Amino acid sequence: MSHGPRSGLAAVSAALLAMSRHLEVRDVLKTIVASARELLDAQYAALGVPDDHGGFAQFVVDGVSDEEWKAIGPLPRQHGILAAMLRDARTERLADVRQDPRFEGWPAAHPDLADFLGLPIRDGDEVIGALFLANKNCPKPDGGCGFTEDDEELLGILAQHAAIALTNARLYERSRELTIAEERTRLAHELHDAVSQKLFSLRLTAQAAARLVDRDPARAKGELQQVAALAADAADELRAAVVELRPAALDEDGLAATLRTHVQVLDRAHTARVSFAGRGVRALPAAQEEAVLRVAQEALHNALRHSGADHVDVTLDRAGAGAVLRVTDDGAGFDPGAVRRAGRRLGLVSMRDRASGVGGTLTVTSEPGKGTTIGMEVPGG
């Protein structure tokens, strides 16, 4: 083992504690990979979660910069050594992965890997991931592997706990999704029952007023006053429903955590890499937090669906008592001077309305071919 007994035990303990702190799947995966690389003193580490179509639903690396990862290209398929680990559920320890007959090459920008240690992550009989490390930072024996049997045993222990942490995170996300779905269904029923009755009465009263306007103007006027009252009631019902539709996660987790979770979901669902960084933001008034979240969602939707971006960065920074949101993409960009056209196409008018409605400001920085940054600043409370 590359560490002494005391330091090795402390390192394992620190890795397990780090995994247990996270509930979101992406955070758990990143913690597992970073812990494994540090624990076994390797240059590179990665963890792939297979999908049902011969690829990976998620693939997390450590030891590779964002620029290097972007240059490598699409996620790997389940082939070569990775496929063997997933198919046979067997540990692989190799002196040089490039010399293995199952090796099928890698993209031109991929770093060179030599000695290799990989093993499956299992939940019972199901293989839920593949964890591997490469290029041990130590002198290699001639023709031998830098990774030892002790390393293999240590990584196996980490993988067992990784399976528990990953399964727990998946269960947490599923339960949260079910709770949100149930809440939306309940609100939809309430909205339908309350508002549809008001609108039905509104329509009947308006029809009665139309029939009376010629033969009994005084009664028609009374009916129109009733129309106004019913319309006001309907507006109040809608307003109350919208307030109740405030995302439950904002109240439970706060703005930064809610944004982080939303970004993680989008990162898994799209080929573009979506990242989030939040720094020192205090709790904001409820209306400001919701406005910031809605603007972030709209800006992310635009970047991922319309801009062709490869990378989208979301940042939330403290600004005095308030906060500044920025959503930056490296997509096609546009001409901000064409305000009306861009506003209709990208929902900029809606975002500006949300910002100004809570005393905030919205800025748009873009240029054709050079990406877009949507900024929103709110004053806090």
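Me: Which residue in β7 is the bridge partner of Arg 273?
Reply: In β7, Arg 273 has His 311 as its bridge partner. This is a predicted model, where local features need pLDDT of at least 70, side-chain atom pairs count only at pLDDT 80 or more, and totals for chains, interfaces and linings use all residues. Residues are numbered from 1 along each chain as its sequence is written, and side-chain values use heavy atoms, leaving out hydrogens and water.

Me: How do you know that β6 and β7 pair?
Reply: Strands are DSSP runs of E (at least two residues) and helices are runs of H or I (at least four), numbered from the N terminus. Two strands pair if DSSP finds at least two bridges between them. β6 and β7 (residues 311–319) have seven, in the parallel sense, so they pair.

Me: Where do β6 and β9 stand in the sheet?
Reply: The open, mixed sheet has five strands in the order β6-β7-β8-β10-β9. β6 (273–279) and β9 (361–366) stand at its edges, because each has a single partner strand.

Me: Why does Asp 267 count as buried?
Reply: Buried means under 20% relative accessible area (exposed is over 50%, partly exposed in between; 1.4 Å probe, protein chains only). Asp 267 has 12% relative accessibility, so it counts as buried. This residue lies in helix α8 (residues 255–269).

Me: What makes α8 and α9 roughly parallel?
Reply: Angles under 35 degrees count as roughly parallel (over 145 roughly antiparallel, 65 to 115 roughly perpendicular, the rest oblique). The axes of α8 and α9 (residues 286–306) cross at roughly 15°, and the two helices are therefore roughly parallel.

Notes: Axes fitted to C-alpha atoms, helices over the stretch in contact; angles between N-to-C directions.
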